[in-house]
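Dear colleague,

Please find the structure below, handed over for your records. A short account of the findings follows it.

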Amino acid sequence: MVSFDVSSFNWIAIVAAGVSAWIIGGIWFSPPLFGRRWMAALGLKPEQAGNPAPGFIAALVNSIIGATFLRLVFGAANVTVVSDGILVALIIWFAFILLPSAPSLLFTKGSPTAFAIVQAQHAIAMIAMGAILTAIR
């Protein structure tokens with residue numbers, strides 16, 4: 001039976017994992033790294049972006065919630081080793097983030113470049129969260 005008891009969770013590890021994913025996203029989508037290329041692939045100009053603060057706050061909250069659910073999965077799967085944490089996080093990314101998102105390229109005629117930039121960031125963030133959640137128990 002899967003337990004949803006979160007009383008034994010290391011909340012410092014969960015927050016650290018969520019913050020790490022958020023920081024990775026902030027750096028990844030910064031103008032010097034992939035921000036300009038991502039916006040160009042979407043057909044946007046920097047002045048169209050508007051105030052980024054609400055997006056940053058939402059991204060942080062989402063990352064911490066995601067880290068909490070990843071920790072639940074790790075508990076159910078008895079994941080305790082960093083290499084297993086990374087592997088399980090990548091499997092979750094592949095099966096539940098990448099694969100369900102891919103058909104949108106066909107239906108919306110989205111940008112393959114923008115899609116690749118976003119998915120690479122998701123994979124790296126999942127790796128970080130998996131490593132942190134298993135390293136800090």
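In which helix does Ala21 lie? Ala21 belongs to helix α1, residues 11–28 (helices are DSSP runs of H or I of at least four residues, numbered from the N terminus).

The model is predicted, so local features need pLDDT of at least 70 and side-chain atom pairs count only at pLDDT 80 or more, while totals for chains, interfaces and linings use all residues. Residues are numbered from 1 along each chain as its sequence is written, and side-chain values use heavy atoms, with hydrogens and water left out.

Ala21 counts as buried because its relative accessibility is 6% (buried is under 20% relative accessible area, exposed over 50%, partly exposed in between, with a 1.4 Å probe and protein chains only). Leaving aside residues up to four places away in sequence, Ala21 touches Ser63, Gln121, Ala125 and Met129 (contact means heavy atoms within 4.5 Å). Its C-alpha atom is separated by 8.8 Å from that of Ala67, 46 residues apart along the chain.

The largest nonpolar core has 21 residues, of which Leu70, Phe74, Met126, Met129 and Leu133 touch the most other members (a core is a set of buried Ala, Val, Leu, Ile, Met, Phe, Trp, Tyr and Cys residues joined through side-chain atoms within 4.5 Å). At least two residues of this core come from each of α1, α3, α4 (82–101) and α6 (112–135); α6 gives the most, with six. Among the contacts of Phe74, not counting residues up to four places away in sequence, are Val79, Val88 and Leu133.

Val61 is placed in helix α3, residues 53–77, and counts as partly exposed because its relative accessibility is 43%.

Yours sincerely
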